[in-house]
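I set out to record, entry by entry, what I looked up in this structure. The notes are kept brief and follow the order in which I consulted the model.

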Amino acid sequence: MRATKLTVLVLAAAAVIGLACPGWASDDGQVVSIAAKDFVAAGLGRKGFDLLMEKNGRVFFVASPGEIAALAALRVSTVIETARFLQQAGQGLSAGGGINGAFHSTLELETDLRTLERDHPGLASLHEIGETLEKRKIYALKISDNASLDEHEPAVLFAGCHHAREWISVEVPYLFGKYLLENYDLSQEVRALVDASEIWIVPIANPDGLEYSIHVYRYWRKNRRANADGTYGVDINRNYGYAWGSDNVGSSGQPGSDVYRGTGPFSEPETAAIRNLFLVHDFRAMISFHSFAQDILFPWGYTTDAAPTDAELGAIAGTMAGLIAGVHGSVYSYGEGSRLLYLTNGDTVDWTYSIAGAPSYTIELPPVDIDHGGFFNDEAAIGAIFEENLPAMLYLTRYAVDHPLSLRPRILPLRERAEPALVRKPKLAARPASAPHR
Ligand code: 0X9
Ligand code: CA
Ligand code: ZN
């Protein structure tokens, strides 16, 4: 395994301020920052720099003396940040990961999902639920007793990586699947849950975006749709069919925007794949993992009005937050997405909730803020982040098994269940147009 970014940071910083550090020469590198707009304009996203983070509109990375000289020759204004980073590292900055490091690429995930299926015949079956614009497969791992049979059991969905740069969101659902399979024979609780349900795991909803984030531009968020105006990408978390495009605050009609909603609801293969999966099974709950903020968000996203089952959504979220805090003490806030964070329309959980009131959550994984690494999780922290989410995932699965949605079928008329692309025009929510998007 490669050295974590944090190690690189500390070593680089130590070299600069003259600490004894065997094997590290002072000319090995500096932590530098460049204004994000200059970084993009100069095409630096394609240069393979060892990226660390983006903060306050600046991109931070490690550069060798030769690279610093090359940047100067390009007339890109570059600030040496090494000493400041050493101070922050001492305060627990977590900016690790490597240029994919212990995180999964799409190929690594495919290999690992196939291994899980092979090692657990009868309990795991791997499904290709869609194909992306760049012809990558979108995979769903189904975990159940008699996994190859459709036994019409209550289903739960755990998805990751709607947003390309949120690498930790791949690992938590993947590790949940691995945990269930490896503990089926060891744990009464796991066995009972797996026997009673279908647990569907889609660790990478946006494989094209993830590969772009790994190989070209670490901060890429959207998919890789070639838009009509020459820009790239649709925000997969603004392309679902409920309240799609209901205003220009919760999503954008500008193709170059990071929250571009696409040309129509479910215009993208990634959202269509999740829709087609969700509509043919009895899904009773779901979590879509994102990062970062340590939040548990529930519908609605498109309006600050309370959802029909707001009290139930909040109670489940509160229980999950308590379970998470009980593991390593991490505090995850919870509330309606539109109120706790900002308005979104066309997001995943509004749509899954709209089908029949399935309790649906966006979990924003650690870190809590940009000062603790933003989209960069230390690869050494992957296990702890999974561990703290495990009881919440088990709880939500048990809840789904115990609570059929037929108890409250009136959230949307049935005809809208049958025709998911049908958009009900919600009333516009009053909100300042300045809400920031991450
Ligand atoms: O903006 C998003 O899609 C999610 N946040 S992220 O930083 N991962 O991009 C939040 C979606 C949750 N819904 C609402 N906040 N309404
Ligand atoms: Ca089964
Ligand atoms: Zn996200």
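The entries below cover confidence, sheets, helix packing and backbone geometry.

**Entry 1: confidence**

I began with the confidence of the model, which is predicted. The average pLDDT of the chain is 85, and 82% of the residues reach at least 70. I then noted where the score falls. Residues 1-26 have a pLDDT below 50, and this stretch makes 58 contacts in the model beyond near neighbours in sequence. The pLDDT is also below 50 over residues 88-98, a stretch with 40 contacts beyond near neighbours in sequence.

**Entry 2: the sheet of four strands**

I next asked in what order the strands of the four-stranded sheet are arranged. The order is β2-β3-β1-β4; the sheet is open and its pairing is antiparallel. I recorded β2 (50-55) and β4 (79-80) as the edge strands; each has a single partner strand, so one side of each lacks a neighbour in the sheet. Looking at one pair, I found β2 joined to β3 (residues 58-63) by five bridges, with the two strands running antiparallel. Within this pair, L51 is placed opposite F61 of β3.

I turned to the open sheet of eight strands, whose order is β5-β6-β8-β7-β9-β12-β10-β11 and whose pairing is mixed. Which strands stand at its edges? They are β5 (124-131) and β11 (333-336); each has a single partner strand, so one side of each is left without a neighbour in the sheet. From one strand to the next, the twist averages 20°.

I looked up an example of each sense of pairing. Strands β7 (residues 155-159) and β9 (residues 283-291) run parallel and are joined by five bridges. L157 has M286 in β9 as its bridge partner.

Two helices were then checked against this sheet. Helix α6 packs on the sheet and touches β5, β6 (137-143), β7, β8 (198-202), β9 and β12 (360-365). The direction of α6 makes about 135° with that of β9. Helix α10 (residues 310-328) also packs on the sheet, where it touches β10 (295-298), β11 and β12. The direction of α10 makes about 165° with that of β10.

For the antiparallel example, I took β5 and β6, which pair over seven bridges. In this pair A124 faces I143 of β6. I recorded the two strands as a hairpin with five residues between them.

**Entry 3: α6 against α13**

How do the axes of α6 and α13 cross? Helix α6 (residues 168-183) and helix α13 (residues 382-402) have axes that come within 9 Å and cross at roughly 60°. This angle makes α6 oblique to α13. The crossing of α6 past α13 is right-handed. On the α6 side, I listed I168, E171, V172, L175, F176 and Y179; on the α13 side, they meet I382, I385, F386, N389, L390 and M393. By class, the residues of this contact are 10 nonpolar, one polar and one charged.

**Entry 4: α10 against α13**

I then followed α13 to its contact with α10. The axes of α10 and α13 lie 8 Å apart, and the helices pack at an angle of about 145°. Their crossing is right-handed. The contact draws on I316, T319, M320, L323, I324, V327 and H328 of α10, together with A384, E387, E388, N389, P391, A392, Y395, L396 and Y399 of α13. I counted the classes as 11 nonpolar, three polar and two charged residues.

**Entry 5: backbone geometry**

Most residues other than glycine have a negative phi, and most peptide bonds are trans.

The bond that joins S291 and F292 is cis, with omega of about 10°. F292 lies in the loop between β9 and β10. A cis peptide bond also runs from P366 to P367, with omega near 5°. P367 is in the loop between β12 and α13.

K135 is a residue other than glycine with a positive phi, near 65°.

Definitions and conventions
Residues numbered from 1 in each chain as written. Chains lettered and ligands numbered in written order. Predicted model: local features only at pLDDT ≥ 70, side-chain atom pairs only at ≥ 80, totals over all residues. pLDDT = per-residue confidence, 0-100. Contact = placed C-beta atoms within 7 Å. Axes fitted to C-alpha atoms, helices over the stretch in contact; angles between N-to-C directions. Parallel < 35°, antiparallel > 145°, perpendicular 65-115°, else oblique. Left-handed = near helix turned anticlockwise from the far one by under 90°. Nonpolar A, V, L, I, M, F, W, Y, C, P; charged D, E, K, R; others polar. Pairing = 2+ DSSP bridges.
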